[in-house]
Amino acid sequence: MASKIHTQFSHSFKIVSVLLCYFIFAGFSVSGAEDSAVKGKVAPLKGEINTSLNEFGISLSEDGNTLYYYSKRKNSNYSDLFKSVKTKDGWSGGVEVSELNSQFDDQSPFIIENEKAIIFSSNRDGSIEFKLSSGKIGVSRDLYFATLKDGSWDKATRLPLEVNSPAIEENPFLAGSYLFFTRYPFGKVAESDIYISEYKDGSWRKAIRMESPVNTEHAEIAATLSRDSKYLYFSSNRPGGYGGLDIYKVEIKEDGTFSPAVNLGPVINSSGDEAFYTETPDGKNAYFCRLEKEGGNYDIYEFSVNEWEELKKNKKISLESIHFRTGSFEIEEESFEILDRLVVFLNENPSIKLKITGHTDLHGDLNDNLELSRSRAGAVKDYLVKKGISKGRFSTDGKGSKEPIYPEKNPETDRKNRRTEFQILE
């Protein structure tokens with residue numbers, strides 16, 4: 001089972017053993033509520049995904065189109081796994097993942113790639129038993145693994161004792177051959193810490209508690225990794241935050257050292273609790289869970305950056321998030337929102353003129369790609385003009401596949417090479 005995780009579903013993150021050593025053994029200071037200058041807006045996720053009950057413990061598929069999470073609904077005595085899919089109007093209402101759920105608590109899903117496999121936490125039959133101080137037998141909540149075969153989830157298998165223990169294990173996040181997760185003694189959530197286990201030579205290594213700057217004497221939960229593998233995010237109720245659980249990050253530096261923990265600031269963190277900071281595929285926006293007030297319920301929120309303020313600052317911006325129908329210059333509806341924000345930006349900055357340049361990936365005929373990229377840049381201009389912006393404020397160009405960001409052909413580099421650039425004309 002562990003072999004399947006390692007060989008079939010590992011991500012191409014840039015974590016190596018020297019980085020693991022620094023994370024585990026290096027003692028770095030913690031910077032409390034230092035503001036990391038995160039700028040953008042936060043709003044509840046659009047659509048029908050949020051309810052009057054908890055939506056918590058989110059995990060996003062690699063393509064960004066499916067969200068897994070857990071909730072305890074009114075017709076159940078236990079928490080169950082749910083999934084929602086992205087639509088043009090937002091996120092669909094949650095559907096129970098009945099094949100994976102049991103008659104016990106099922107929580108904290110981590111979805112591998114695009115639903116090829118899953119790791120989640122459960123206290124179902126087969127979980128580790130232990131004796132409570134009262135003499136009664138308790139059951140831990142352990143991490144389980146399952147794969148999707150021919151459209152159906154197979155039977156979940158408990159991860160080995162190198163990962164699981166009589167304590168509670170939850171909040172898994174798999175990064176290559178490294179598994180981050182939360183552990184705390186039964187009934188003592190305040191003692192939560194983040195652990196890491198490496199899969200190597202056909203087996204899991206004994207999980208190790210991460211030291212400062214990640215763990216402190218306070219509670220730390222729900223580690224996630226940024227899309228570019230440069231940052232580790234987690235939640236903590238350490239002193240100096242904005243509320244209860246705040247989201248922090250540590251930077252993974254090129255030389256293998258790590259920055260002090262930095263609070264993401266008041267845009268993300270509130271007087272309530274925040275956790276499970278999960279970046280979208282482009283690494284610019286993110287989803288997270290928020291509990292606004294004690295006694296309420298967690299909902300899923302979206303953090304979105306202001307791309308056009310970045311344009312104003314840097315004079316040039318390249319976006320992969322403007323999408324067109326395959327082989328066409330017809331703009332997909334999902335891109336209208338970002339272009340509408342550009343309309344607002346241009347109305348607020350009437351002196352700014354833009355050059356719009358289209359780029360394609362490396363597939364197809366060079367001349368066809370050149371023509372297609374020019375047509376796509378023109379389509380963006382036409383959309384903005386229809387929204388009331390003077391056509392005299394734009395020039396357009398297309399580079400086809402002549403100026404790729406990456407020279408390789410694969411789904412990830414193709415997505416980054418298919419982009420629209422905006423440049424402020426002086």
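This is a predicted model: local features need pLDDT of at least 70, side-chain atom pairs count only at pLDDT 80 or more; totals for chains, interfaces and linings use all residues.
Residues are numbered from 1 along each chain as its sequence is written, and side-chain values use heavy atoms, without hydrogens and water.

Helices (H or I, at least four residues) and strands (E, at least two) are DSSP runs, numbered from the N terminus. In helix α3 (residues 307-314), Glu307, Trp308 and Leu311 are the buried residues (under 20% relative accessible area, 1.4 Å probe, protein chains only). They lie on the same side of α3 because their arc around the axis is only 95 degrees, taken from the directions from the helix axis to the C-beta atoms. Just after α3, Lys315 adopts a positive phi of about 70 degrees.

The 4 strands of an open sheet follow the order β27-β30-β28-β29, with mixed pairing; two strands pair if DSSP finds at least two bridges between them. β27 and β29 (394-398) are at the edges and each has a single partner strand, so one side of each lacks a neighbour in the sheet. Between β28 and β29 the pairing is parallel, over 5 bridges. Gly358 stands opposite Gly398 in β29.

Helix α3 lies across β27, β28 and β30, and runs at about 140 degrees to β27; axes are lines fitted to C-alpha atoms, for helices over the stretch in contact, with angles from 0 to 180 degrees between N-to-C directions.

Definitions and conventions: Buried means under 20% relative accessible area, exposed over 50%, partly exposed in between (1.4 Å probe, protein chains only). Contact means heavy atoms within 4.5 Å.
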